[in-house]
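Let's take a walk through a protein fold, one piece at a time. Have the picture open while you read.

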Amino acid sequence: MSKLVVRVKILPFDAETNLDEVSKSLSETIPSGMELNAVSKQPVAFGLFSLLIDFILDDSEGQMDKLEDFLGRTEGVGQFEVVAMSRRSVQIK
């Protein structure tokens, strides 16, 4: 089955939200069939940062809904937006 790479921008719930804790929580509670591939902090404005996270998902029906439900239930996540999605290329050795 092919895989998708989904890049999500996550804004914190409020200015006091610790994004390191949010990232840790996401990596520890991620649903089966998904991987957290890369995490980076991006400046937004006035000292506020967002998380830019690449998730790896199975390319099957319902996976995006499952990811969105997971993000919506995670403490510290205020808003999120899918900013990019593509098929994961096969690595040639």
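Which residue caps the N-terminal end of α1? That's Asn18: one of its side-chain oxygens sits 2.9 Å from the backbone nitrogen of Asp20. That counts as a polar contact, meaning a pair of N or O atoms within 3.5 Å, where within protein one must be able to donate a hydrogen and the other to accept it, and residues adjacent in sequence count only if both atoms are side-chain atoms.

A quick word on the ground rules. This is a predicted model, where local features need pLDDT of at least 70 and side-chain atom pairs count only at pLDDT 80 or more, while totals for chains, interfaces and linings use all residues. Residues are numbered from 1 along each chain as its sequence is written, and side-chain values use heavy atoms, with hydrogens and water left out.

Now follow α1, which covers residues 19-29. (Helices, H or I with at least four residues, and strands, E with at least two, are DSSP runs numbered from the N terminus.) Leu19, Val22, Ser23 and Leu26 are buried here, that is, under 20% relative accessible area, with exposed being over 50% and partly exposed in between (1.4 Å probe, protein chains only). They cover an arc of only 100° around the axis, which puts them on the same side of α1; the arc is taken from the directions from the helix axis to the C-beta atoms. An α-helix has 3.6 residues a turn, so residues three or four places apart point the same way.

What lies over that side? The cover includes β1, β2, β3, α2 and β4, where contact means heavy atoms within 4.5 Å.

Next, the sheet. It is open, with 4 strands in the order β2-β3-β1-β4 and antiparallel pairing; two strands pair if DSSP finds at least two bridges between them. β2 and β4 are the edge strands, each pairing on one side only. β1 and β4 share 9 bridges, and Val6 has Met85 in β4 as its bridge partner.

Finally, look at the loop between β2 and β3, where you'll find Phe46. Its phi is near 50°, a positive value in a residue other than glycine. Most residues other than glycine have a negative phi. Is Phe46 buried or exposed? Phe46 is exposed, with a relative accessible area of 88%.
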